[in-house]
Amino acid sequence: QVQLVESGGGLVQVGGSLRLSCAASGSGFSITSMAWYRQTPGKQRELVASITNGGGTNYADSVEGRFTISRDNAKNTVYLQMNSLKPEDTAVYYCNAGLWFHGTFLRSWGQGTQVTVSS
């Protein structure tokens, strides 16, 4: 069993910063890509940023230049540094990982962490 546990969400004012973390725990797995998604009520979950196990990154246009995704492969952890936050960044943020688990490729999701940007 592989679990993704997120932390770091909360309430912040416009222009502020937050850092999200997501750690994978368990045994017998090997992570490939990791990503952050977000979702607001009534809307589809959208990709915010992704990172390959080689460090290649990809960002949604809406966060390019403000958010930075990074990972620590030794700790099986992915981070999302969010700067210059806007009210439209308010959402539940979910961590996602593609991983090999006992020979089977899986996509695992975290439980989500709320980010609220107040004006």
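This is a predicted model: local features need pLDDT of at least 70, side-chain atom pairs count only at pLDDT 80 or more; totals for chains, interfaces and linings use all residues.

Me: Which way do strand 5 and strand 6 run, and how many bridges join them?

Reply: They run antiparallel, and three bridges join strand 5 to strand 6, which covers residues 57–59. Within this pairing, Ser50 stands opposite Asn58 in strand 6.

Me: What about strand 4 and strand 5, how many residues lie between them in their hairpin?

Reply: There are six residues between strand 4 and strand 5 in that hairpin, and Gly42 in the turn has a positive phi of about 85 degrees. Strand 4 (residues 29–39) and strand 5 (residues 46–51) run antiparallel and are joined by five bridges.

Me: Which residue stands opposite Tyr37?

Reply: That is Leu47, which belongs to strand 5.

Me: Where do the side chains point in a regular strand?

Reply: As a general rule, the side chains of a regular strand alternate between the two faces of the sheet.

Me: Changing topic, how many disulfides does the structure hold?

Reply: The structure holds one disulfide. Its partners are Cys22 and Cys95, with their sulfur atoms 2.1 Å apart, and the link is left-handed, with -80 degrees about the S-S bond.

Me: Which parts does that pair tie together?

Reply: Cys22 lies in strand 3 (residues 18–25) whereas Cys95 lies in strand 9, so the pair ties together parts that are 73 residues apart in sequence.

Me: Are those two cysteines buried or exposed?

Reply: Cys22 is buried, with a relative accessible area of 0%, and Cys95 is likewise buried, with a relative accessible area of 0%.

Me: Now Asp89, where does that one lie?

Reply: Asp89 lies in a loop, the one that runs between strand 8 (77–82) and strand 9 (91–101).

Me: Which side chain does the side chain of Asp89 make a polar contact with?

Reply: The partner is the side chain of Arg66, at 2.8 Å.

Me: And which residues is Asp89 in contact with, leaving aside its neighbours within four places in sequence?

Reply: With those neighbours set aside, Asp89 is in contact with Arg38, Arg66, Phe67, Ser84, Val115 and Val117.

Methods:
Residues are numbered from 1 along each chain as its sequence is written. Side-chain values use heavy atoms; hydrogens and water are left out. Helices (H or I, at least four residues) and strands (E, at least two) are DSSP runs, numbered from the N terminus. A polar contact is a pair of N or O atoms within 3.5 Å; within protein, one must be able to donate a hydrogen and the other to accept it, and residues adjacent in sequence count only if both atoms are side-chain atoms. Contact means heavy atoms within 4.5 Å. A disulfide is a pair of cysteine sulfur atoms within 2.5 Å. Buried means under 20% relative accessible area, exposed over 50%, partly exposed in between (1.4 Å probe, protein chains only). Two strands pair if DSSP finds at least two bridges between them.
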